[in-house]
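I opened the notebook to look up a few things in this structure. The entries follow the order in which I checked them.

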Amino acid sequence: MSIPLLTVNQVSCLIEETPLFKPIDFVLQSGVLLHLQGANGIGKTSLLRVLIGLSSHYQGAIKWHTPLYLSTVYLGHLAGFHALLSAQENLRYFAAIHGRALTVGDIEHILRHVQLWQYAEDPLGQLSAGQKQRFKIAQLLSMQRTVWMMDEPFTSLDQTTCLWLEQQMKEHVQQGGAIVFTSHQAFAEADTHYQALTLVAA
Amino acid sequence: MYFSSWQQALQMQGHGMYVWPAYLIGIGILVVFTWVLRSRTRDALRKLQRQVEPSDQVETSDSGA
Amino acid sequence: MATNDANKNWRVVFKRWFHQWASPRFFFEKTASWLPFLSGMAIVLLGIGWGWGLFWAPPDYQQGNSFRLIYLHVPAASVALSIYALMAMFSLVSLVWKIKLADTWAQSCVMSGVLFTFIALMTGAFWGKPTWGTWWQWDARLTSMLVLEFLFIGVMVLRTAIEGREAANKAAALLAVVGIVNLPIIKFSVNWWNTLHQGATFKLTEKPPMPAEMWVPLLIALLGIYFLFAAFWLLETRLLILQREGKSQWLQRWMMTRYCIDNKDKDKF
Amino acid sequence: MTILMTLRHLFWLALRREGLLVVQKSSQALQPLLFLTLIMALFPLAISPDQKILATIAAGVIWIAVLLASYLASDAFFAEDWQSGVIEQWRYSPYPLAWWVQIKIVAHWMLYGVSITLMAPLLALLLALPWSQVPILMLTLFIGSGIIAYSNALAAALTLRARSAAVLVLLIALPMQIPVVIFAMAAINLQASGESILAPLAFLGGLWLFSAALLPLAIAMALQIMMTA
């Protein structure tokens, strides 16, 4: 029942016209948790940015089978929220950037789900690193998009939050979504949904 | 020549003190700029030469062997 | 059909020609021998134009001998404006067609532009003292020239201030293009402001028709300064190619052959 | 599947966010206005407390001070959104980047332009500007601050990755703002001498339309360059 979402053919990121890693091929299908691995500086982040069109320094062919801006949501290593504004306001604005109007009910539902409802009115900058990471998940959830593109989601997380995040990601793919994420940590429980792709230096 | 002597050309009926410095500064700027460009080119060439030289040495050692 | 074909042919030829010139290697090899010609022409023409203008041309009936500044002032001002237009054009080409060399072309306009604009301003001041009795007058031309200098300096400083060469070059190119759109607006507003205040009514160059002994040397000096700029531009473009293409094989091979052939005057360019 | 928000809804939502941000950093946000008032106090002290002298320079002084105040915070115009990755999300949004730029600038104009316009009578009072000139001063300040906002935003975008942005912003934005000052001051002076102010106001309005239509595209391009290059 898996649907192909993205076909990547002989793609490598370029810096001044030299490829960063050996060209890769893969087809991303719904229900897949794709882990991009590789040494530091190999170009995992660059690849993620190339895939969603934030950068055009690449060679090869990238083909999305769904409308990119309507089916994906991307969270880079930059937070994507303003530290002075509250979780509520940030969430509302983030969804608006991508064209979705959130109702008060939506916001409450999502923030409760990531256990941030009690901090909904506080400036996000005052929350802990783990809570901020949970807010990022709220951002992902708020968009109801099929494909999540996540850059190093596990950095600066404690054990519990890591496990919670893995749980969230698994739920998303079990419901027919797909995730592409970069991480140099191993994923704790590899199941049938999990696929790994290692970038090798060119 | 319009002026009857070099002295007159230098004075230009009192306007020489405006005309000559302006020309001198202007030409000076252009000359200095030429010099700067040429010396920067020389530096760039020297740097390139240093990049090329090692392989040059390999060549000579090859011929020596 | 035939015209269509010819049209297409012409386009293909032009495209090939353009792409050839856009390659650093082709440009570098083709222009290798141009510099002596350009600088020689510049020196000869400027020598004739300025010598004639300074020593042989008759003085102006109103301004007297300070009028002789025209042979430096007008050519410098004119070439400065042309340089800005050229820089903006190259910048546009580099932004739209993403041609790297066009960016180098644009970059090698900037410093010459700053200097020629400065010379125009400086000579304007020296001219102003005997004619207006003041070094600086807020006259429309001088004010526009001052703004042009700011625009040039802005492009120059922006390029050096931004980290990352590609971002720096593209940002400077964008600023140059925005600047060329702005320039007519600024010029118009400054002229309008000047007529409103009617302070400086004295025009530097708009005069009853000049006799030939006056305008022929001006024309020669004008031509000479364009050649001088061409020489500067070429020298700087070649310098930038040397600096940027240091890693490419063709340049290293070029350097090797040069090094082997004329070792004795290796600093000659 | 997903229905995108209407642009109007989006606009108000984004405007609200910019407003909330200003409230959050109100002490910072008020600095330009404070700066403006402080400068006003300097002129009578430095030049002369004579009402006649002050009245002749008042409009020009206010305009220059408004320009200077506008540079104060403008190198940081995009900085926070840039560092926090919000601009990256704009780029990744289904709406064009230029649209987000436009909203941010309009929001800025509505907050600063309106507050400066409302402050104008007070500034005029301090510098003994004749009351008959105050309405036209306010009008030129309102339109003019709109144009200034665009050119400052362009300078801010171009200098996002620059090492010392503060002076650079001034160097880039100031030449673009010369026409604004010329037309604004011409309108005020012409009105004072009882002549028609139609021409300078038309030029000012034209300049505003021109900036509003074209500069967001250039700014979006600058942001794009900073992001990808």
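What area is buried between chain B and chain C, and what part of it do carbon and sulfur atoms give? I found about 3900 Å², with 75% from carbon and sulfur atoms. I note at once that this is a predicted model.

**Entry: chains B and C**

I counted the residues in this contact. Chain B puts in 37 residues and chain C puts in 47 residues. Three residues lead on the chain B side: Tyr18(B), Tyr23(B) and Phe33(B). They supply 17% of the area that chain B buries against chain C, more than any other three residues. I then looked at the pairs of chains. Four pairs touch, and chains B and C have the most contacts among them.

**Entry: chains C and D**

I moved on to the contact of chain C with chain D. Here 30 residues of chain C meet 28 residues of chain D. The two chains bury about 2500 Å² between them. Carbon and sulfur atoms hold 83% of that area. Which residues of chain C lose the most area to chain D? They are Glu163(C), Leu174(C) and Trp192(C), together 21% of what the chain C side buries.

I checked chain B against two other chains. Chain A and chain B do not touch, and their nearest C-alpha atoms are 20 Å apart. Chain B and chain D do not touch either; there the nearest C-alpha atoms are 24 Å apart.

**Entry: chain C by itself**

I read nine helices and zero strands in chain C. Of its 269 residues, 53% are buried. I also looked at contacts in chain C with a separation of 6 or more. Residues 24 or more positions apart account for 78% of them. Chain C exposes about 12500 Å², and carbon and sulfur atoms supply 66% of this area.

**Entry: chain D by itself**

How many helices and how many strands are there in chain D? I found ten helices and zero strands. The C-alpha trace spans about 65 × 35 × 30 Å along its principal axes. I compared the radius of gyration with the globule rule. A compact globule of 229 residues would have a value near 17 Å, and chain D has 19 Å, so the two agree.

Buried residues make up 55% of the 229 residues in chain D. For contacts between residues at least 6 apart in sequence, 79% join residues at least 24 apart.

**Entry: Ser70(D)**

I picked out one residue of chain D. Ser70(D) sits in helix α4, residues 51-72. Which residues does Ser70(D) touch, not counting those up to four places away in sequence? I found Ile148(D) and Asn152(D). I also checked Leu33(D), 37 residues from Ser70(D) along the chain. Their C-alpha atoms are separated by 9.2 Å.

**Entry: helix α1 of chain A**

Last, I looked at helix α1 of chain A, residues 44-51. The helix is mostly covered, with six of its eight residues buried. The buried ones are Lys44(A), Leu47(A), Leu48(A), Arg49(A), Val50(A) and Leu51(A). Gly53(A) follows α1(A) and has a positive phi, near 80°.

Conventions
Residues numbered from 1 in each chain as written. Chains lettered and ligands numbered in written order. Predicted model: local features only at pLDDT ≥ 70, side-chain atom pairs only at ≥ 80, totals over all residues. Heavy atoms only, no water. Helix = DSSP H or I, 4+ residues; strand = E, 2+ residues; numbered from the N terminus. Rg over C-alpha atoms; globule rule 2.2 N^0.38 Å. Buried < 20%, exposed > 50% of the residue type's maximum accessible area, 1.4 Å probe, protein only. Contact = heavy atoms within 4.5 Å. Buried area = accessible area lost by both parts, 1.4 Å probe. Areas by Shrake-Rupley, 256 points an atom, 1.4 Å probe, with all protein chains shown as cover.
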